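Subject: Model for you to look at

Hi,

Here is the model I promised to pass on, with my notes below it. Please have it open while you read.

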Amino acid sequence: MNVRLGACAVVTLALAVAAPYLLNAYGVYLVTLTGIFALVALGLNFLVGYAGQISLCHAAFFGVGAYATALLTEKAGVPYVLSLLVAGLFTTIVSTLVAVPALRLRSLYLAIATLGFGVVLQKIIFEWRSLTGGGGGMQLAPPSVAGHPLTATGLYELTVALLAIGLYGAHNLSRGRTGRALRIIKESETAAGALGISAARYKIAAFAISAFYAAVAGGLFAYLVGYINPESFNVGLSISFLSMVVIGGLGAIGGSIVGAIFYVLVPELLRGFNNDAPGLVFGALLVAVMVFMPRGLWGMGLRLTRRA
Amino acid sequence: MARLTIEDVSVKFGGVHALRSVSFAVETGAIVGLIGPNGAGKSTLLNCISGITRPTTGRTLLDGAVLSALPPARVARKGIGRVFQHPELAPDLTARENLLIACHNTMTYGLVGEFLMLPGARRQENAAENKVSSLLMRLGLSAIEGRRVRDLPYGHRKLIDLGRALLMEIRFLLLDEPIAGLNDEEIAKLGDLILALRREVRLGVIIVEHNMAFVSRLCDRLIALDLGEAIAEGAPAEVLGHPKVQAAYLGEAPNA
């Protein structure tokens with residue numbers, strides 16, 4: 001088992017290092033985008049998969065992270081990598097302001113409340129023209145890292161590195177006291193209370209963790225596309241993030257990665273076969289995954305490998 | 001010695017009196033049984049102590065400090081453990097992982113320490129793992145520690161639930177029908193365990209139970225409730241023989 005796991009890690013690492021040399025520019029873009037979305041899904045999984053909460057405002061956190069990173073880098077001259085971290089922390093604070101009132105709500109009501117928060121955040125970015133450029137968006141030049149402008153390959157490598165750290169952190173969080181607390185809260189808040197675990201506190205923590213991941217990913221995304229405007233961070237994107245987590249498999253770290261890969265790559269592959277209706281086929285695939293794999297792609301994969 | 005006091009507690013749900021000015025106190029080292037027919041208010045009383053239900057009037061205190069204004073998690077952290085009638089465990093986690101959940105408040109590391117699994121956090125995790133290992137051994141569950149809880153028999157799940165309360169370094173333990181669904185051997189083992197805990201750590205225990213043989217064996221004192229009122233209190237034989245208690249159980253005779 002451990003040998004197999006080690007082999008997997010080596011192959012993954014080799015592929016990750018070789019990818020920019022094997023792929024064309026568009027390929028590198030797609031793989032980077034997958035990594036960015038995987039980062040969002042990893043964080044969101046804590047909220048949705050572990051804590052059992054729902055959010056329709058994570059595209060807005062992704063957007064706040066993107067704008068905060070861009071503003072810090074472009075206007076304040078903060079080094080890019082540091083901007084990512086600071087933007088992540090800033091968005092985490094914003095998210096706790098959202099989480100505190102949202103905690104009083106459950107399921108559908110929570111979904112609608114977070115939907116509202118997402119719209120408000122998007123609107124703030126839109127209206128704060130002096131800072132964000134409003135609806136016209138922000139054009140971004142590649143930031144300089146270690147004295148050189150960041151290339152597409154450089155951004156890809158940074159994304160892979162941050163994804164690796166994000167994976168390590170998510171692994172630790174899921175197995176540490178936070179992950180355990182979230183699992184018992186999802187099962188029964190009464191039981192959690194009897195064990196001295198405050199459900200409210202850990203739901204806020206789950207919100208904060210997921211917002212941090214989303215914001216750092218947003219900061220990478222801003223410089224992947226080179227242009228951001230408020231429209232990009234809409235509810236549709238929040239729903240996409242949510243779908244990645246669910247398709248991949250709730251409560252499984254690997255599932256978040258698989259979900260992001262599925263979400264980015266499958267429509268691309270479908271475009272090769274059928275230029276007219278990739279959306280239609282993709283939609284049908286989503287339905288099929290949910291009907292036949294209730295525990296997501298990751299859960300299905302686990303079942304198949306265990307049987308083998 | 002610590003003292004848990006229930007002071008003139010009443011609970012009204014709508015127009016119904018679930019509890020009417022109930023008062024008593026339990027010291028560490030004492031085992032007190034709460035008996036009474038269904039609907040007498042036994043579980044409501046436990047819920048008041050653990051902070052799940054707010055008393056309509058009256059209060060609960062631990063060593064003179066008011067508990068009844070605190071949320072359940074804070075009450076638990078004051079050293080009051082609660083075991084529910086039906087074990088509420090995380091079904092997809094193993095027996096060991098479920099027990100680790102209860103070590104939550106013996107650990108102090110924060111989110112950043114956890115994210116990076118810094119040496120301090122790892123040390124605390126290892127200490128908790130060791131505590132869980134010795135508890136598993138004590139409960140006789142070492143062999144099944146790696147099994148997912150959803151695959152375990154009911155008796156094991158109840159033991160794990162009790163084990164969680166014991167890991168919290170509590171001074172008082174509230175047990176709601178601890179032996180319902182257990183077989184004779186498991187019942188005897190559980191009784192031994194509770195008596196041992198009283199001896200070793202001077203745990204104070206309040207047990208809600210219908211099995212009169214079990215409460216007579218364990219409890220120093222019984223309190224009989226009927227329709228939310230305490231109708232008798234004293235030594236087990238005395239309370240069980242009390243005419244009001246006999247009357248309350250008419251048609252629902254206490255099984256000896």
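Two strands count as paired if DSSP finds at least two bridges between them. The strands themselves (E, at least two residues) and the helices (H or I, at least four) are DSSP runs, numbered from the N terminus.

Some housekeeping: this is a predicted model, in which local features need pLDDT of at least 70, side-chain atom pairs count only at pLDDT 80 or more, and totals for chains, interfaces and linings use all residues. Residues are numbered from 1 along each chain as its sequence is written, while chains are lettered from A and ligands numbered from 1 in the order in which they are written.

On confidence, the predictor gives the complex an ipTM of 0.85 and a pTM of 0.87.

Now to the sheets of chain B. One is an open, antiparallel sheet of 4 strands in the order 2-1-4-5. Its edges are strand 2 (16-27) and strand 5 (65-66) of chain B, each with a single partner strand, so one side of each has no neighbour in the sheet. Within this sheet, strand 1 (residues 3-13) and strand 4 (residues 57-62) of chain B pair in the antiparallel sense over 5 bridges, and B:Thr5 stands opposite B:Leu61 in strand 4.

Another open sheet in chain B has 6 strands in the order 6-7-8-3-9-10, with mixed pairing. Here strand 6 (80-83) and strand 10 (229-234) of chain B are at the edges; each has a single partner strand, so one side of each is left without a neighbour in the sheet. From one strand to the next, the twist averages 15 degrees. Strand 6 pairs with strand 7 (residues 172-176) of chain B in the parallel sense over 4 bridges, with B:Gly81 opposite B:Leu173 in strand 7.

Helix 1 (residues 42-50) of chain B lies across strands 3, 6, 7, 8 and 9 of chain B, running at about 150 degrees to strand 7. Axes are lines fitted to C-alpha atoms, for helices over the stretch in contact, and angles run from 0 to 180 degrees between N-to-C directions.

Finally, the contact between the chains: 21 residues come from chain A and 26 residues from chain B, where contact means C-beta atoms, placed from the backbone, within 7 Å. On the chain A side, helix 8 (177-187) of chain A is among the elements giving two or more residues, and its share of 7 residues is the largest.

Best wishes

Note on methods: Contact = placed C-beta atoms within 7 Å.
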